Amino acid sequence: SAIFNFQSLLTVILLLICTCAYIRSLAPSLLDKNKTGLLGIFWKCARIGERKSPYVAVCCVVMACSILFVQ
(Lines give C-alpha, C1' and ligand atoms only; values in the text may rest on other atoms or scores of the structure.)
Protein backbone atom coordinates (compact mmCIF):
# COMPACT_ATOMS: atom_id res chain seq x y z
CA SER A 1 0.00 0.00 0.00
CA ALA A 2 3.02 2.32 0.30
CA ILE A 3 3.41 2.26 -3.48
CA PHE A 4 0.15 4.11 -4.05
CA ASN A 5 0.70 6.82 -1.43
CA PHE A 6 3.62 9.12 -2.29
CA GLN A 7 4.34 10.19 1.31
CA SER A 8 4.38 6.57 2.47
CA LEU A 9 6.72 5.67 -0.38
CA LEU A 10 9.12 8.45 0.62
CA THR A 11 8.99 7.27 4.24
CA VAL A 12 9.84 3.70 3.23
CA ILE A 13 12.74 4.88 1.04
CA LEU A 14 14.16 7.07 3.83
CA LEU A 15 13.89 4.22 6.33
CA LEU A 16 15.61 1.87 3.87
CA ILE A 17 18.48 4.31 3.36
CA CYS A 18 18.93 4.90 7.09
CA THR A 19 18.70 1.19 7.94
CA CYS A 20 21.23 0.17 5.27
CA ALA A 21 23.69 2.86 6.38
CA TYR A 22 23.34 1.73 10.01
CA ILE A 23 23.83 -1.94 9.12
CA ARG A 24 26.90 -1.08 7.03
CA SER A 25 28.39 0.84 9.96
CA LEU A 26 28.00 -2.23 12.19
CA ALA A 27 28.97 -4.96 9.72
CA PRO A 28 30.52 -3.60 6.50
CA SER A 29 31.27 -7.02 5.05
CA LEU A 30 27.57 -7.90 5.08
CA LEU A 31 26.69 -5.32 2.43
CA ASP A 32 30.04 -4.99 0.64
CA LYS A 33 29.97 -8.51 -0.79
CA ASN A 34 26.74 -7.77 -2.71
CA LYS A 35 27.55 -4.72 -4.83
CA THR A 36 25.73 -5.93 -7.93
CA GLY A 37 22.44 -7.62 -8.62
CA LEU A 38 19.24 -7.39 -6.64
CA LEU A 39 20.97 -7.23 -3.27
CA GLY A 40 23.15 -4.42 -4.61
CA ILE A 41 20.23 -2.08 -3.95
CA PHE A 42 20.97 -2.30 -0.24
CA TRP A 43 24.65 -1.47 -0.84
CA LYS A 44 23.64 1.53 -2.94
CA CYS A 45 21.22 2.72 -0.25
CA ALA A 46 24.01 2.46 2.31
CA ARG A 47 26.31 4.54 0.10
CA ILE A 48 23.62 7.20 -0.30
CA GLY A 49 23.14 7.25 3.47
CA GLU A 50 26.87 7.66 4.07
CA ARG A 51 27.69 10.23 1.40
CA LYS A 52 24.54 12.35 1.60
CA SER A 53 24.02 12.05 5.36
CA PRO A 54 23.22 15.75 6.05
CA TYR A 55 20.59 15.75 3.30
CA VAL A 56 19.15 12.42 4.45
CA ALA A 57 19.01 13.71 8.04
CA VAL A 58 17.15 16.85 6.97
CA CYS A 59 14.73 14.75 4.92
CA CYS A 60 14.12 12.49 7.94
CA VAL A 61 13.37 15.48 10.19
CA VAL A 62 11.04 17.03 7.60
CA MET A 63 9.27 13.71 7.08
CA ALA A 64 8.89 13.19 10.84
CA CYS A 65 7.42 16.66 11.30
CA SER A 66 5.03 16.19 8.44
CA ILE A 67 3.87 12.85 9.81
CA LEU A 68 3.47 14.18 13.34
CA PHE A 69 1.87 17.53 12.64
CA VAL A 70 0.20 17.35 9.21
CA GLN A 71 -1.54 13.99 9.40
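## Burial

A residue is buried when its relative accessible area is under 20%, exposed when over 50%, and partly exposed in between (1.4 Å probe, protein chains only). By that rule, 21% of the 71 residues of the protein chain are buried.

This is a predicted model: local features need pLDDT of at least 70, side-chain atom pairs count only at pLDDT 80 or more, and totals for chains, interfaces and linings use all residues. Residues are numbered from 1 along each chain as its sequence is written, and side-chain values use heavy atoms, without hydrogens and water.

## Fold and contacts

The protein chain has four helices and zero strands. Its pattern along the sequence is α-α-α-α. Helices (H or I, at least four residues) and strands (E, at least two) are DSSP runs, numbered from the N terminus.

The C-alpha trace spans about 40 × 25 × 15 Å along its principal axes. Take contacts (heavy atoms within 4.5 Å) between residues at least 6 apart in sequence: 54% of them join residues at least 24 apart.

## Surface and nonpolar patch

The accessible surface of the protein chain is about 5,300 Å² (Shrake-Rupley method, 1.4 Å probe; for residues, only the protein chains shown count as cover). Carbon and sulfur atoms hold 72% of that surface.

Tyr22, Ile23, Leu26 and Leu30 make a nonpolar surface patch of about 410 Å². Patch residues have over 30% relative accessible area and no salt bridge, and nonpolar side chains (Val, Leu, Ile, Met, Phe, Trp, Tyr) are joined within 5 Å, like charges within 9 Å. A salt bridge puts a side-chain nitrogen of Lys or Arg within 4 Å of a carboxyl oxygen of Asp or Glu.

Helix α1 (residues 6–26) gives the largest share of the patch, three residues. Leu30 sits in helix α2 (residues 28–32). Leu30 counts as partly exposed because its relative accessibility is 44%.
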